[in-house]
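Here are my notes for a colleague who is new to this model. Please keep the view open while reading, and take the points in order.

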Amino acid sequence: MTRLRRGSSTTGVDSGGAERRDMRLSWVLTVLSICLSALATAAGAEGKRKLQIGVKKRVDHCPIKSRKGDVLHMHYTGKLEDGTEFDSSLPQNQPFVFSLGTGQVIKGWDQGLLGMCEGEKRKLVIPSELGYGERGAPPKIPGGATLVFEVELLKIERRSEL
């Protein structure tokens, strides 16, 4: 009677080395899979651009800063990244009036105008996810467009707290 030792077979071939090799290969493939998954996640996060806020003009005296629920009176000029202007309140000298943080404007404005002072000017570079998205706002704003706004806060109307 032939006794089989671990790693032996009736053919006399040592399969223990093959088992260890298969286990190492499995371990390497698992680690590789985890690394690739982490890289894909990081690349996806890099693909989503963030809102950029630049202060163009500061004010010396700022008794109140804009916050959610305030009614803002703004002048603005909106351009595409290539410099093509698509809208502005300046030619009509008619400020744009809206309530901040209530979804009346694109998300890039709701986020980018927080903490602003009357008289302050900012430049907002808004990725499409915080603007008009993949659909755009035809015919002037194509899908996936990054928007560049020069904005000036003229007046803050604060609703009294109830």
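Is Cys62 buried, partly exposed or exposed? Cys62 is partly exposed, because its relative accessible area is 24%. Buried means under 20% relative accessible area, exposed means over 50%, and partly exposed lies in between (1.4 Å probe, protein chains only).

1. Ground rules. This is a predicted model, in which local features need pLDDT of at least 70, side-chain atom pairs count only at pLDDT 80 or more, and totals for chains, interfaces and linings use all residues. Residues are numbered from 1 along each chain as its sequence is written, and side-chain values use heavy atoms, with hydrogens and water left out.

2. Confidence. The pLDDT is the predictor's confidence in each residue, from 0 to 100. The chain has a mean pLDDT of 84. Of its residues, 73% reach 70 or more. Residues 40–46 have pLDDT below 50. Beyond near neighbours in sequence, that stretch makes 0 contacts in the model. A contact means heavy atoms within 4.5 Å. Where pLDDT is low, the predicted coordinates should not be read in detail.

3. Layout. The chain has 2 helices and 6 strands. Their order from the N terminus is α-β-β-β-β-α-β-β. Helices (H or I, at least four residues) and strands (E, at least two) are DSSP runs, numbered from the N terminus. Among contacts between residues at least 6 apart in sequence, 65% join residues at least 24 apart.

4. Strand pairing. Two strands pair if DSSP finds at least two bridges between them. Strand β6 (residues 147–157) pairs with β2 (residues 71–80) in the antiparallel sense, over 10 bridges. There, His75 stands opposite Glu152 in β6. Strand β5 (residues 121–126) also pairs with β6 in the antiparallel sense, over 6 bridges. Arg122 has Val151 in β6 as its bridge partner. On to β1: this strand and β5 are antiparallel too, with 5 bridges.

5. The disulfide. A disulfide is a pair of cysteine sulfur atoms within 2.5 Å. By this rule the model has 1 disulfide. Cys62 is joined to Cys117, with 1.9 Å from S to S. The two cysteines are 55 residues apart and link distant parts of the chain. Cys62 sits in the loop between β1 (52–57) and β2. Cys117 sits in the loop between α2 (107–112) and β5. The torsion about their S-S bond is about -95°, so the disulfide is left-handed. Cys117 counts as buried because its relative accessibility is 6%, whereas Cys62 is partly exposed at 24%.

6. The core. A nonpolar core is a set of buried Ala, Val, Leu, Ile, Met, Phe, Trp, Tyr and Cys residues joined through side-chain atoms within 4.5 Å. The largest one has 23 residues. Met74, Trp109, Leu113, Ile126, Leu147 and Phe149 touch the most other members. Strands β2, β5 and β6 each supply at least two residues of this core. The most come from β6, with 5 residues. Leaving out residues up to four places away in sequence, Trp109 touches residues including Met74, Phe96, Leu124, Ile126 and Phe149.

7. Surface. Buried residues make up 31% of the 162 residues. The accessible surface of the chain is about 11400 Å², and 54% of it belongs to carbon and sulfur atoms. Accessible areas come from the Shrake-Rupley method with a 1.4 Å probe; for residues, only the protein chains shown count as cover.

8. Where is Glu120? Glu120 lies in the loop between α2 and β5. Glu120 is buried, because its relative accessible area is 6%. Its contacts, not counting residues up to four places away in sequence, are Val55, Lys57, Val59, Gly115, Val151, Glu152 and Leu153. Lys140 lies in the loop between β5 and β6. Lys140 is exposed, because its relative accessible area is 55%. With residues up to four places away in sequence left out, Lys140 touches Leu80 and Phe86. The C-alpha atoms of Lys140 and Glu85 are 8.8 Å apart, although the two are 55 residues apart along the chain.
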